[in-house]
Amino acid sequence: MDLGLFSQYVMNGLMLGMMYALVAVGFTLFFGVLDVINFSHGDVLMVGSFTGLATYLGLDALGVVWPAFQVTAVLAAATLAMALLGAVIARYLVLPLKSAPALNTLLITLMLGTVLREGIRMFYPEGANPKPFPALLPTDAYPLGNFNLRIDNLLMLSAGLVVIVGVHLLINRTKLGLAIRAVAQDEETAKTMGINFNLVVLVTFAIGSALAAFAGIMNGLYYNETNFGIGLLLGVIGFSSAIIGGLGNIYGAIIGGFLFAALQTVGAVALPFASAYKDVFAFGVVILIMAWRPTGLISEKVSERV
Amino acid sequence: MNRGNASLANLLPGALGIAAATAFLILFLSVESQAGIAALLLGGAAVVVATARFGGIARMRRSFAGDEGAMNLVVVAAALVLTGFFYEDHFTLLLVATVMIYMVAALGLTVQFGYAGVLNFAGAAFFGIGCYTAAVLTKNTALPHVLVLLAGGVMAALIGTLLLLPVLRTRGHYSAVVTIAFTLLFKTFLEVNDTLGGPQGLRVDGMNLFGWRFNDNIEIGETLEISFFANYVIGSLILLAIAFAFVRRLERSWTGLNLDAVRLDETAAACFGYNISRWKITAFTIGNFLAGLAGAIYAMMLGFIAPTNFTFGDSLILVSIVLLGGIGNPWGIAVATTIVIVLPEKLQIIQEYRFLLYASMVILILLFRPLGLLPRPLRSYVPGWQPK
């Protein structure tokens with residue numbers, strides 16, 4: 001394989017990895033504070049991507065064509081709307097079921113995911129068809145050998161990096177982050193220390209969902225297309241990435257995301273039948289990983305209390 | 001003699017309830033206008049709520065607890081009356097058979113997560129394995145069709161064993177993901193695999209049981225011609241009766257008790273010497289077998305199958321049926337399947353929105369009535385026994 005093609009695969013893997021990592025961080029944050037899996041997370045991402053698209057179309061109709069402003073507005077609208085949606089999900093669906101069996105939370109978020117997916121399919125104008133996503137970033141490319149380094153990919157990668165570093169700083173350097181970590185460690189003790197548990201949960205869900213919206217916009221920009229079904233795939237892969245890294249561990253989730261993307265890329269290159277069976281391969285890998293390491297490569301270090 | 005009268009009097013509320021439900025279903029299935037259907041729905045719901053309010057449902061429950069065998073016969077008779085009423089109506093009979101087939105699949109799911117607590121979000125995939133097995137076997141072999149039905153179940157159970165390791169090693173959320181991934185994998189696999197017809201799907205031959213050809217209309221004398229779907233209604237009714245009796249017996253048996261113990265508290269059950277894996281494998285395999293069986297007859301009835309019948313949404317519909325009916329209660333499944341399958345077919349407005357509607361319905365059920373419409377009663381080993 002020549003270097004150009006190789007770089008192309010690496011770039012592709014990095015982009016996928018960044019998206020998976022962003023989704024996985026959301027899963028891991030939710031699991032940290034509340035010990036629940038929010039199965040609607042992938043569909044929140046999809047709704048975020050559609051919110052961004054709708055914002056762009058709205059701006060377009062208003063005659064705003066300044067690209068930098070468009071990107072900012074699309075990102076802001078999507079992340080803020082999804083942060084709100086995440087908080088609403090936590091407040092009205094997840095927190096009320098806190099003392100119910102874990103199965104109920106799982107089912108309720110799964111069903112919410114279906115509601116979101118079907119809602120977009122039915123009520124977004126022609127939502128059942130794939131939608132072209134506008135190229136908001138400069139699409140210039142620098143040829144390096146026979147590999148075209150595209151500016152927009154580079155921009156997205158750096159933006160993703162900035163977001164991840166931002167989350168890291170938020171969790172480790174701010175009072176809010178301290179509260180999140182405290183709640184994740186021990187809910188009761190955190191409460192007695194005067195931490196507003198419900199507020200921390202809502203904020204955590206808001207942050208995680210905003211990250212998903214960011215990943216949704218990235219997904220749209222990268223593929224120049226979005227459709228109502230992307231959430232299911234990205235949700236399952238994001239969750240698997242979070243598991244690979246060990247649920248509740250943010251850095252594990254990031255590593256897991258990139259690892260999964262690497263695996264998928266290598267699979268697509270190495271296996272001759274892989275192009276058609278790309279998704280089959282990805283899901284097969286998910287199942288195998290779960291069988292091999294049920295609680296992740298870096299597993300949770302908590303023994304179960306009976 | 002006196003006792004006989006007492007038990008007959010005890011059976012009356014249940015029998016009346018079933019008769020009323022059958023009459024309502026017949027009326028509901030024969031009305032065509034959308035406004036009429038909506039009015040019937042509202043009226044029916046009002047009657048059910050009123051009956052429940054005045055203790056009617058509790059009395060019916062007592063009938064069922066008192067002599068279940070007799071009540072089962074009443075229900076079968078009701079199903080036959082319903083079939084007889086629509087004897088030449090293809091569409092309605094197809095609907096009735098579909099409901100029964102879905103009940104069989106939902107019974108499988110009940111064994112899995114109603115009894116043993118093994119999550120399975122791949123119900124539609126195992127159903128689909130049954131369908132595709134039937135398609136391939138009827139096309140390429142001359143296997144008797146009884147065996148094809150069984151092969152559908154066995155194939156689903158066999159492919160299910162591939163998932164056993166990940167399902168056993170994982171718990172809760174983790175095992176949910178394994179089955180979700182499997183559903184997605186199954187559908188994408190069918191879509192790209194050309195030998196299984198790809199996205200276009202496959203044709204399936206009709207059922208032929210020892211020379212009894214299911215796809216021919218039944219002609220009695222010169223004038224009476226019965227729709228061929230009646231064959232499938234009878235066939236699936238037999239299948240359903242067997243599956244239902246099996247699941248009820250399973251629940252009453254030591255196996256059922258063990259499965260409950262495993263679901264309620266794995267750690268405690270393990271402490272008492274239960275082999276957790278063994279019971280989970282048992283439940284998972286039985287459930288997949290039932291789903292595959294249902295799939296095989298479904299494929300033969302429809303005559304055509306395609307990957308779009310086996311999406312993640314369809315798996316969720318099966319889960320919705322189990323939850324709506326009341327987890328672990330086979331009678332609840334009967335009610336829920338009828339609602340979930342018949343409603344969108346009759347009320348055309350909601351056909352498009354059915355996934356949306358059922359998902360919202362389950363969310364509401366989970367928030368406000370987590371035990372479902374008909375919560376599972378305690379086991380009664382003695383007929384007529386009532387919990388205090």
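Two strands pair if DSSP finds at least two bridges between them. This is a predicted model: local features need pLDDT of at least 70, side-chain atom pairs count only at pLDDT 80 or more, and totals for chains, interfaces and linings use all residues. Residues are numbered from 1 along each chain as its sequence is written, while chains are lettered from A and ligands numbered from 1 in the order in which they are written.

**View 1. A hairpin in chain A, built from strands S2(A) and S3(A).** Strand S2 of chain A covers residues 141–144, and strand S3 of chain A covers residues 147–150. Strands (E, at least two residues) and helices (H or I, at least four) are DSSP runs, numbered from the N terminus. S2(A) and S3(A) run antiparallel and are joined by four bridges. A:Ala141 has A:Arg150 in S3(A) as its bridge partner. A:Pro143 faces A:Asn148 in S3(A). Two residues lie between the strands. In this turn, A:Gly145 has a positive phi of about 65°.

**View 2. The contact between chain A and chain B, with the side of chain A in focus.** Chain A brings 33 residues to the contact and chain B brings 34 residues. Residues are in contact if their C-beta atoms, placed from the backbone, lie within 7 Å. Three helices of chain A each supply at least two residues to this side: H4 (102–123), H9 (230–244) and H11 (278–292). H4(A) gives the most, with 13 residues. By class, the side of chain A that touches chain B has 26 nonpolar, five polar and two charged residues. (Nonpolar: Ala, Val, Leu, Ile, Met, Phe, Trp, Tyr, Cys and Pro; charged: Asp, Glu, Lys and Arg; polar: the others, Gly among them.)

**View 3. Domain 1 of chain B against domain 2 of chain B.** Domain 1 of chain B is 1–85, and domain 2 of chain B is 90–209 + 235–368. The bounds come from an automatic or database domain assignment. Taken over C-alpha atoms, the two domain centres are 27 Å apart. Eight residues of domain 1 meet nine residues of domain 2. On the domain 1 side, helices H1 (2–30), H2 (34–53) and H4 (68–85) of chain B give two or more residues. H4(B) has the largest share, four residues. That side holds six nonpolar, two polar and no charged residues.

**View 4. Helix H5(B) crossing helix H14(B).** H5 of chain B spans residues 90–115, and H14 of chain B spans residues 330–346. Their axes come within 9 Å and cross at roughly 135°. (Axes are lines fitted to C-alpha atoms, for helices over the stretch in contact; angles run from 0 to 180 degrees between N-to-C directions.) H5(B) is therefore oblique to H14(B). (Angles under 35 degrees count as roughly parallel, over 145 as roughly antiparallel, 65 to 115 as roughly perpendicular and the rest as oblique.) The crossing is right-handed. (A crossing is right-handed if the near helix is turned clockwise from the far one by less than a right angle, and left-handed if anticlockwise.) H5(B) contributes residues including B:Leu95, B:Tyr102 and B:Leu107. Among their counterparts in H14(B) are B:Pro330, B:Ile341 and B:Glu345. The contact of H5(B) with H14(B) has 11 nonpolar, four polar and one charged residues.

**View 5. Helix H13(B) meeting helix H14(B).** H13 of chain B runs over residues 312–325. The axes of H13(B) and H14(B) come within 8 Å and cross at roughly 130°. That angle makes H13(B) oblique to H14(B). The crossing is right-handed. From H13(B), the contact takes B:Ile317, B:Ser320, B:Ile321, B:Val322, B:Leu324 and B:Gly325. From H14(B), it takes B:Gly332, B:Ile333, B:Val335, B:Ala336, B:Thr337 and B:Val340. These residues divide into eight nonpolar, four polar and no charged.

**View 6. Helix H6(B) packed on helix H12(B).** H6 of chain B covers residues 123–140, and H12 of chain B covers residues 276–302. The axes are 6 Å apart, at an angle of about 50°. H6(B) is therefore oblique to H12(B). Their crossing is right-handed. H6(B) brings residues including B:Gly123, B:Phe126, B:Phe127 and B:Cys131. Among the residues of H12(B) in this contact are B:Asn288, B:Leu293, B:Tyr298 and B:Met300. By class, the contact has 13 nonpolar, seven polar and no charged residues.

How values were computed. Contact = placed C-beta atoms within 7 Å.
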